Amino acid sequence: MADNTVKTNKAASASHFPEHGPVDENGREILLSLKDVDITFGKGDNKVKAVQHATFDIYKGETFSLVGESGSGKTTIGRAVIRVNPLARGEILYKGVRISGKIPRSLDREVIRNVQMVFQDPAASLNERATVDYIISEGLYNFHLFENEADRVRKVENMINEVGLLPEHLTRYPHEFSGGQRQRIGLARAMVMEPELVVADEPISALDVSIRAQVLNLLKKFQTEQNITYLFIAHDLSIVRFISDRIGVIYKGRIVEVASSEELFAFPLHPYTHSLISAIPIPDPKLEKNKVLYTYDPSIHDYSTDEPEFVNIGHDHWVYGNKKEIEEYKAIREKGEPLQPITIAADGQHVSSPVDEETAEERAANEEFLKTPVHDTGAWWLKVLSFLLPILGLIAAQVFRKKNYIRNYRACFRGAIAGLITLGVISAIFCLLLVLAVV
């Protein structure tokens, strides 16, 4: 153990990356490792903790997916890996060498060379004033990864063909392409560098469904041919399930569960993971209609006395919880019976979520409200018009009543009656004054 610690400390202060990273107890090479990472923005009272105590490893050649809702800190972690976001605490190791914080310039260049990123927005991530040829070649120029001009042109043309575009596209500008084509250009820009790790920040979220499968197939193709490792950032578990070796679930900046893809879907132990899986759409419309949506409520956890930890409960399955919750998770996992996070209610049967329950009175009120026409508001101006024109107000009231606009009917009827009474009083006073004048 002491020898391993000395080796790790030496590697952490190195100025160049070793050929291979450290190996875990199962013989897997650890390419990237996050250890107790905190990332904050702002200072003082305005300080926001975007990521808290993030800890996980990514192994060589695998696809590790980071899943969570918008604003959970997925992209923040991805940008920290490529050294854009600084850390407030913890460290990031690449092949056992620390790449977070202040590092030698030579090591910084190696990070840029070996770690590439495919951004979420294919339009904003490309230079609109540069041709596709220059966009793809920029990394080759910066690191002089070609022997001569002919070699550069060959590499760029081969890469543009690999992503499904044509060599004549190289002279065009990004605004001349569709969203899917721009994402292919961004993918070509990253892959031409022959990186070891690619941070894919929701690379398919801005694309049409038909184009998504093509981009995913390209990613898997490059992984097979070049042994590339992916940190795949997404919020759609239905896609992540089939392309990931392991999945990490993040909630409000904290990693709550990490497991292999099949393990996570068979045993979603943390309630937030349960809620994400229950939200996956079912292709059958009848089943989707009767599906019970589970909503995660953080208040179910009581961490006031028992501090939570991120613990391996076996089967390389990590879960965040206190001692009581961890024991419950272990008991569920040791039973070996796959969980059913998606519940389908029988036809005509009302099944309410344990978090979002309605009383009978609330449901009756909602049903009565839904029966009411949209424009049946009983507006004040209906009363005023009916008061000024009572005869027309009575006619309008009868029309609204036949159409089931009850509120509008009442407004017109009451306004018309008030108007008729007022006219009657004014007429009576006028007649009385007229009689007195004659007499």
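**View 1. Strands E1 and E2 lie side by side in antiparallel fashion, joined by 8 bridges.** Strand E1 covers residues 30-41, and strand E2 covers 48-59. Strands here are DSSP runs of E with at least two residues, helices are runs of H or I with at least four residues, and both are numbered from the N terminus. Two strands count as paired if DSSP finds at least two bridges between them. Look for Ile30, which stands opposite Tyr59 in E2. A word on what you are looking at: this is a predicted model, in which local features need pLDDT of at least 70 and side-chain atom pairs count only at pLDDT 80 or more, while totals for chains, interfaces and linings use all residues. Residues are numbered from 1 along each chain as its sequence is written, and side-chain values use heavy atoms, with hydrogens and water left out.

**View 2. An open sheet of 4 strands runs in the order E2-E1-E4-E5, with antiparallel pairing.** E2 and E5 stand at the edges with a single partner strand each, so one side of each has no neighbour in the sheet. On E5 (residues 97-98) you will find Arg98. Is Arg98 buried, partly exposed or exposed? Arg98 is partly exposed, because its relative accessible area is 26%; buried means under 20%, exposed over 50%, and partly exposed in between, with a 1.4 Å probe and protein chains only. Arg98 and Lys221 are 123 residues apart in sequence, and their C-alpha atoms are 30 Å apart in space.

**View 3. The largest pocket has a volume of about 770 Å³.** Of its 35 lining residues, Ile30, Ser33, Lys35, Thr55 and Asp57 are the closest to the centre. E1 gives the most to this lining, with 7 residues. At least two residues each also come from helix H1 (2-12), E2, strand E10 (254-260), strand E12 (309-312) and strand E13 (318-321). By class, the lining divides into 16 nonpolar, 7 polar and 12 charged residues. Ala, Val, Leu, Ile, Met, Phe, Trp, Tyr, Cys and Pro count as nonpolar, Asp, Glu, Lys and Arg as charged, and the others, Gly among them, as polar. Pockets and cavities are found on a 1 Å grid over the protein atoms alone: a pocket is an open set of points with protein on both sides within 12 Å along at least five of seven lines, a cavity is a set where a 1.4 Å probe fits but cannot get out, and lining residues have an atom within 4 Å of a point. Grid points are joined across faces, edges and corners, and a volume is the space filled by probe spheres set on the points.

**View 4. Strand E6 (residues 115-118) is covered on both faces.** Val115 and Met117 are buried on one side, and Gln116 and Val118 are buried on the other. E6 pairs in the parallel sense with strand E7 (residues 197-201) over 4 bridges, and Met117 stands opposite Val199 in E7. Gln116 and Met117 are also among the residues closest to the centre of the second largest pocket, which holds about 480 Å³ of space. Which helix gives the most to the lining of this pocket? H4 does, with 7 residues.

View 5. Beyond its neighbours within four places in sequence, Met191 is in contact (heavy atoms within 4.5 Å) with Met159, Val198, Leu219, Phe222, Gln226, Ile228 and Tyr230.

**View 6. The structure holds 1 cavity of 30 Å³ or more.** About 40 Å³ of space lies inside the largest cavity, and its lining is made by Thr63, Leu216, Leu219, Lys220, Tyr230, Phe232 and Ile243. Helix H7 (209-226) and strand E8 (229-234) each supply at least two of the lining residues, with the largest share, 3 residues, coming from H7.
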